[in-house]
Amino acid sequence: MASSDTQLSPAMRRFFRALEAIEWVGNKLPHSFWLFWILAAILAVVSAVLAAAGVQVTPPGGDETVAVKSMLTGEGLAMVFGTALENFAGFAPLPIIFSVIIGVAVAERSGVLSALLRLTIVRLPARWVTFSVAFAGMISHVMFDAAFIVMLPLAAMAFKAVGRSPVLGLMVAFGSISAGYNASPLVTPSDAILSALSTEAARIVDPQYTVSPLGNYYWAIASSIVLSIAVTLVVEFALARRPDLEADVDAEGIEPGTQLEVTAAERRALLASFGALLAYVAVIVLALLPADSPLRGEDGGIIQSIVLKNIAIFIGLGFVLLGAVYGYRTREFTRARQIPESMAEGIRTLAPVLVLFFAIAQFLAYFKWTGIGTIIAVNGASFLQTAGMPPLILFIVAILLISVMNIIITSGSAMWSLLAPILIPMFMYLDIPPETTQLVYRIADSCTNAITPMSAYFILALGMVQRYRKSAGIGTVVSFTLPLAMTLLITWVALFIVWYLLGLPIGPGVAIR
């Protein structure tokens, strides 16, 4: 543990030693790619045992009995090898994340997202810098994991510019981005990935069910504001009063040339790009207005319209337009070929995700084929009905358990790939919408991100802190982020309870219960 942590209380030191033990255990786990193949092998054995035992179940409201099928049979082996390409090509998250990420890549390379974040930080008075950085962190989720790389140095500079500790600024940004990862006033790539995985899981029960990337949108907007306020309060009333906020005298800090202010040219480009985006949205809205619009759903409604059912492609095109107009106005883009080149760069960043998706797609296909997911869901739902536990209690227990799991399995999509096929069908049999189950997961998947050393971005944050304080260690970062993580967890759960009791919609046309 770093020498700067020696003044911590015995209880905090014990906590840090526990984190180091968790880190050691977590580092012994195989890469997520191999983990899913190991799980597939375990699934094959379990399916053979359950099939031999004649395990079966009749889903509520259905007439057909679902029996477990063994993967260790001729039929099972034919399924494994005969559907591999189909499993990957038909994996729902693939087209959705591609559609969003190519648009985000254009916007990111053009500089419009960075300019928007800088504008968010500098527009508010100095006394609002904490809230400004926290809310900018929520907005930055649209940049996916690049949010950490862009926001951390900007936040350090923002705090330093108003005479406050750059270390505190770094921690505010890191805590807001990581602990509040699934809250944003904008639709993010994570919305696309999680909703696609939720759709796959929901179709175990209802083959026609689709979870939209906007399924939790109202909730995400409100969460981004509430969590930003919570971050501001815990920072101003607790973390900002720490006696150890000063940077080392010879600290390197941020590289010269890092710009915080938004220039006049950038402001004009922002106005032009957002004007184009508003016009784009207006055209879509106008196209939906006629009752006989071809963009409406079969029932003539908006909720089942082509726009909302295929929202990922419209979001991707919106980002392309935003980035293209901004890039041409700032001369970041001077040739049309730079647009597809930017898209290609965005796809290259997805390479590790695509490798993981291949393994996940196969595992989920095997899991669905064996029928074990249905067995678990039906029996789990039956147990919960017999136990008579209120849904809110079930949700809170799930949040706490998943939050602990998130300390070790830091990939949100990987963990949801494992949990969604169990949790979503189980809660669907209790008449709980998949979007609500997904929302519960998103709370749990966020808050403990800020305190786990298994996260690559935790290490990134530590490295940036060490540029201001060379003696900083894991304990230094956690001593800042633990209060933020726990505050956001409590605040988010409280917000969920209020939202659930009031029965407010969590997305367009999506009820919470």
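How many aromatic pairs does the count come to? I began my notebook with that, keeping in mind that this is a predicted model. The count comes to 17 aromatic pairs.

**Entry: F33 and W34**

I looked up F33 and W34 next, and they form an edge-to-face pair. Their ring centres are 5.0 Å apart, with 85 degrees between the planes. Then I checked how accessible each partner is. F33 has a relative accessible area of 18% and is buried, whereas W34 is exposed at 52%.

**Entry: F395 and F427**

My next stop was the pair made by F395 and F427. I found 5.5 Å between the ring centres and 55 degrees between the planes, so this pair is tilted. Where do F395 and F427 lie? F395 belongs to helix α18 (residues 391-408), and F427 belongs to helix α19 (residues 412-428). The pair therefore ties together parts that are 32 residues apart in sequence. I noted that F395 is buried, with a relative accessible area of 1%. F427 is buried too, at 5%.

**Entry: the cluster**

Which residues form one aromatic cluster with F395 and F427? I wrote down W219, W492, F496, W499 and Y500 as the others in that cluster.

Note on methods:
Residues are numbered from 1 along each chain as its sequence is written. This is a predicted model: local features need pLDDT of at least 70, side-chain atom pairs count only at pLDDT 80 or more; totals for chains, interfaces and linings use all residues. Side-chain values use heavy atoms; hydrogens and water are left out. Rings of Phe, Tyr and Trp (its six-membered ring) pair if their centres lie within 6.5 Å; planes under 30 degrees apart count as stacked, over 60 as edge-to-face and the rest as tilted. Buried means under 20% relative accessible area, exposed over 50%, partly exposed in between (1.4 Å probe, protein chains only). Helices (H or I, at least four residues) and strands (E, at least two) are DSSP runs, numbered from the N terminus.
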